[in-house]
Amino acid sequence: MLSLQIGPLALPTGLVLLFLSLCVAYGVAWWLRRYRQLPDAGPLVSDLLIAGLLAARLAFVLRWYEQYFAAPWSILNIRDGGFLAPAGIAAALAITAWRCRRPAMAAMRRPLAISVASGALAWGVLNAGMGLAYEPPTALPAVALQTLAGTPATLATLAGGKPMVVNLWASWCPPCRREMPVLAAAQQARADIVFVYANQREDAAAASAFLDSSGVTLRNVVLDSAAALGKAAGSSALPTTLFYDARGRLVDTHLGELSDASLASKLQKIAPPGSL
């Protein structure tokens, strides 16, 4: 499941699980301080979290520096989901070792280790639970779609045996509109990948009116009037982008607005440049 519906909000599942895991870590740190009279590890957990996020972001920016340096302001737009988790984890571990090396910090080592381990355990259990509750599709969804001209279409027919990117969008969705030029440029540059733009729950007139006014030229725009693709992927959030390899297997997903860098990182997983 890619997103969780909480009232009127559709939040990425990973973000919700991270928040819950942090709550466990902070809760354990508070319990150890309150009932075991151990030093409060909460502030140090916060330091590790901030350092890990900064390192993960910096590593991603350096990996895709060409895309970010072409538009430096986009480095600050963390909504594109551009983070390298291994770099963040390594940075957090390094700072932990550095901060706890001094004898004066010896008393902090135990509550910090217990708090961090509790948060990590919560993350693992929650992810395993989500994996058992929702099994991602292993093939292209057999959803009946329709082109703007009214012709029936399916993802398998559109893919034609190539890797495919399926973008779920709507004209009323601001981040959908903002990312359209990024996707359109990639569609023009990558003939080895099929891009499909599946409009969710709108009619041909609304979709066509938006495309005409936006000035963006897209191929393979289809209508998904029942939002069946979103249901099949386990996402009620827009925009959602699905990345399939040439065998029709779902390799990766992205919730929210794509940047040049985040899109490039996903495309590399289904069709590395020069793989033709």
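The model is predicted, so local features need pLDDT of at least 70 and side-chain atom pairs count only at pLDDT 80 or more, while totals for chains, interfaces and linings use all residues. Residues are numbered from 1 along each chain as its sequence is written, and side-chain values use heavy atoms, with hydrogens and water left out.

**Helix pair.** Helices (H or I, at least four residues) and strands (E, at least two) are DSSP runs, numbered from the N terminus. Helix H1 (residues 13-35) and helix H2 (residues 42-63) have axes that come within 9 Å and cross at roughly 150°. That makes H1 roughly antiparallel to H2 (angles over 145 degrees count as such). Leu22, Tyr26 and Ala29 of H1 meet Gly42, Val45, Ser46 and Leu49 of H2 in this contact (heavy atoms within 4.5 Å). Axes are lines fitted to C-alpha atoms, for helices over the stretch in contact, and angles run from 0 to 180 degrees between N-to-C directions.

**Sheet.** Seven strands form an open sheet in the order E4-E3-E7-E6-E5-E8-E9, with mixed pairing. Strand E4 (152-153) and E9 stand at the edges with a single partner strand each, so one side of each is left without a neighbour in the sheet. Helix H7 (residues 174-189) packs on the sheet and touches strand E5 (164-169), E6 and strand E8 (240-244); the direction of H7 makes about 160° with that of E6. Strands E6 (residues 194-200) and E7 (residues 221-224) pair in the parallel sense over four bridges (pairing needs at least two DSSP bridges), and tyrosine 197 stands opposite valine 221 in E7.

**Cysteines.** The structure holds one disulfide (a pair of cysteine sulfur atoms within 2.5 Å). This bond joins cysteine 173 to cysteine 176, with S to S 2.4 Å. The torsion about the S-S bond of cysteine 173 and cysteine 176 is about 75°, so the disulfide is right-handed. Both cysteine 173 and cysteine 176 are buried (under 20% relative accessible area; exposed is over 50%, partly exposed in between, with a 1.4 Å probe and protein chains only).

Here are some accessibilities side by side.

| Residue | Relative accessible area | Class |
|---|---|---|
| Cysteine 23 | 38% | partly exposed |
| Cysteine 100 | 9% | buried |

**Glutamate 257.** Glutamate 257 sits in the loop between strand E9 (250-255) and helix H10 (260-270). Its neighbours beyond four places in sequence include Asn77, Arg79 and Asp80.

Technical notes: Angles under 35 degrees count as roughly parallel, over 145 as roughly antiparallel, 65 to 115 as roughly perpendicular and the rest as oblique.
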